[in-house]
Each structure stands twice: as C-alpha cells, then as structure tokens.
Amino acid sequence: MNNLRSVGIASVGAYTPAKRLTNFDLEKMIDTSDEWIRTRTGIKERRIVENGVCTSDMGVIAARMALERAGVSPDEVDLIITGTATPDMFFPSTGCIIQDKLGASKAAAFDLEAGCTGFVYSIAVGAQFVQTGLYKNVLVVGSDTLSKVTDWTDRNTCVLFGDGAGAVLLKPVPEGTGILSLYLGADGSGGELLKIPGGGSKHPANKESVEKKQHYIKMAGNEVFKFATRIMEVAALEAIKRSGLTVEDVSCFIPHQANVRIIEAAAKRLRIPMDKVFVNVSNYGNTSNGSIPIALFEAQEQGRIKKGDAIVIVAFGAGLTWASSVIRW
Ligand code: UT7
C-alpha cells in the first residue's frame, strides 16, 4: 500500500451567460436550419457572453460558487488550475487572473491546455497535489469563451459552440471515496483535425493571418466525430477497469457535451442505457472546458448524482486528447 491520501470533489460551481443564441437566430445568420442542427447535434441553443466579458470573468463566478458551497474562503486555496483553450491572453495565465479576482492570495496558479479535455486533465493534475499531502484545497476551473474564436460565417463549426464555465474544489476525503481512478491519453498525430492555427509562434498574428481567418476554430468534423465515439468508449472502460468497478456499478455517466449523437453512440458501444447518461448539450452546445463541470453541477442539482454513487466523467478534445475518471461521490 502507498501512503497517498484520498482526494475527492468537495463542491461544484457553474456559470453560463444569460444571453441565448437559438438555432432560429442562427437561421438568420447562415445557411442552416433548426431541424439540421437538432438532428445532427442535439443542440437547440447556446449561451454567448456579452461584449467585454472574457474567460476569467466566467471562471471566477463559477469558482466563487464552488468555494462558497464548500465553506472554504479564497485565502484557504492552495492552488488554482484553469483548464482553458481560450485564455484571456497568452500571458499572464487565466489562472493568475482568476487568483487575483478571487483574492486567493496564497494560491499558486497556472493554466492547462488540452483542448476540451483540459478540465479532466486539470482534475488529474490537481488531485496529485492533494494525494501527496502538499496541498489541502485545490481549485480546478474549466472556462471557455469559444464564441470569441468561432467563425460566425462557417456553418460547419459555428452551430456547435457556446460559452460557459464550471469549477470544483478538490479536498482530502475518507479512503474508498472520491477519485477512484484516472486515465489520460493523447495522440498528437491528430492535431490537424481540430485547431486554431493563427496567433502562435508558428503563424504569428498579422494582417494576412486575420484575412485568412487563422484565428478561428478549424475542424474536420467527420474525423473528430469518428475519433470521439471510439475514444469515449475506450476511455470510460479504462477508468472503470482501473477503479476495480464494472460498467453496471456506475450510476451516472457525465460525458463531454459536444454532440448528442457522439454521446448516444458511445453509450451504445458501452451498453449503457441513456437514462444513466447526463445530457444537457441541447441548452449550451459545446462549452469546451466548461462542459463537464456544468454537467456535473446540473446533475447534482437535479438529484442525478447522490452521495455514495459511482460516476464516470469522460472527455475528448483537440490535441487530440482524452481523459476519464471514476469518482465515488
Ligand atoms: O470538442 C470537440 C469538438 N468537435 C466535435 O465534437 C465535432 C464532432 N463532429 C460532429 O459533431 C459532426 O461531424 C458535425 C455536427 C460537425 C457534422 O455532422 P455530420 O453528420 O458529420 O455532417 P457532415 O459534416 O457530413 O455534413 C453533411 C452535410 C454537408 O452537406 P453536403 O456536402 O452533404 O451537401 C454539409 O455541408 O451537411 C452540411 N452542413 C450543414 N447544413 C446545414 C454542415 N453544417 C451545416 C449546418 N447547417 N450548420
């Protein structure tokens, strides 16, 4: 036996902007239809931030909620990890900006980029600090404003995304509860399938990069779809195997909310009935790093997750990356 502490999710917070963009609104902007979007993705509407609102603004609201629910004050936080693909800026990190806005002056802070998988990767990284005993309160934030990097004239991508944030507080928990397993993976050879090519050191921002729309999401939708359905099954099964449980022991699956058809296909491969799978993609679209914590928050609020339940969180995203975890609530 090792002498690592057990770590679990003490509380969850979430935030989504008030402004709704429905499929009917999109019909007026591009050549699409509510029927196409609903049948191909399951999405009915998504939330979009007001001008001037950025990733840290949403993240800090979700973070505050998570801290309040755990009864932990900002100055008790040891570390803030922010999973995001749309940081406020290159640097300082969005984690540091959130640290300042929260007043979490004793916390270390950094960002973690793993596409839409960043939140689950961040949980895995944060968990290590609690397990080793180095830290007691680790705040993990997932926040993205994909609306800012979406080409609103590209119907192949713009119908899919929305803005949102969530946060969890990781704390020591009694043995046998909390995070029972973790599994992370990556396949960099698939990096071209989902990317924002411009603005980095390879294609620095200039007039040409703007004209070529290199600062927007580029995606090979079909390829990502095939990868996603396969990897959701593989990742969920691996986390379950590592936890020592079986698929039947799991009472609620919380998958990354990208497309209801991806979720249904993965559930079918896993032979899980859809009533054990939490789905809210119809209301928010794909909120990237916000997706899993928002779903966790709503699942808990709706009584879909109760104390003692075994749940699975499983995500995939740009990189390509994937990650999963079994958690005893
Ligand atoms: O976090 C990871 C993020 N990414 C994802 O999860 C995306 C994964 N991929 C998908 O969800 C799906 O591939 C999409 C929803 C993006 C597309 O669904 P699809 O069933 O794979 O459609 P398709 O790309 O094969 O397109 C079918 C047709 C095409 O027309 P033609 O070439 O057959 O005439 C598209 O041009 O649908 C057309 N189309 C649209 N039509 C109306 C594509 N987007 C739209 C649209 N409205 N918004």
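Predicted model: local features only at pLDDT ≥ 70, side-chain atom pairs only at ≥ 80, totals over all residues.
Residues are numbered from 1 along each chain as its sequence is written, and side-chain values use heavy atoms, with hydrogens and water left out.

Domain 1 covers residues 7-175 and domain 2 covers residues 179-328, the bounds being taken from an automatic or database domain assignment. The centres of the two domains, taken over C-alpha atoms, are separated by 14 Å, and the contact (heavy atoms within 4.5 Å) involves 55 residues from domain 1 and 45 residues from domain 2. About 3,800 Å² is buried between domain 1 and domain 2, with 65% of this area given by carbon and sulfur atoms; buried area is the accessible area (1.4 Å probe) that two parts lose on being put together, summed over both. Of the area that domain 1 buries against domain 2, C116, V120 and Y121 supply 16%, more than any other three residues.

The interface of domain 1 and domain 2 also holds 2 salt bridges, a salt bridge being a side-chain nitrogen of Lys or Arg within 4 Å of a carboxyl oxygen of Asp or Glu. D151 forms a salt bridge with K213, and their closest N and O atoms are 3.5 Å apart. K213, although not a glycine, has a positive phi of about 55°, whereas most residues other than glycine have a negative phi. K213 is placed in the loop between α7 (207-211) and β10 (218-219), where helices (H or I, at least four residues) and strands (E, at least two) are DSSP runs, numbered from the N terminus.

Around the ligand there are 23 residues, of which T32, R40, R155, N222 and N259 come nearest; a residue is counted as near if one of its heavy atoms lies within 4 Å of the molecule. An N or O atom in the side chain of R40 is 2.9 Å from an oxygen atom of the ligand, and a polar side-chain atom of R261 lies 3.3 Å from an oxygen atom of the ligand. A polar backbone atom of G221, in turn, is 3.0 Å from a nitrogen atom of the ligand.

How values were computed: Polar contact = N/O pair within 3.5 Å; in protein donor to acceptor, adjacent residues only side chain to side chain.
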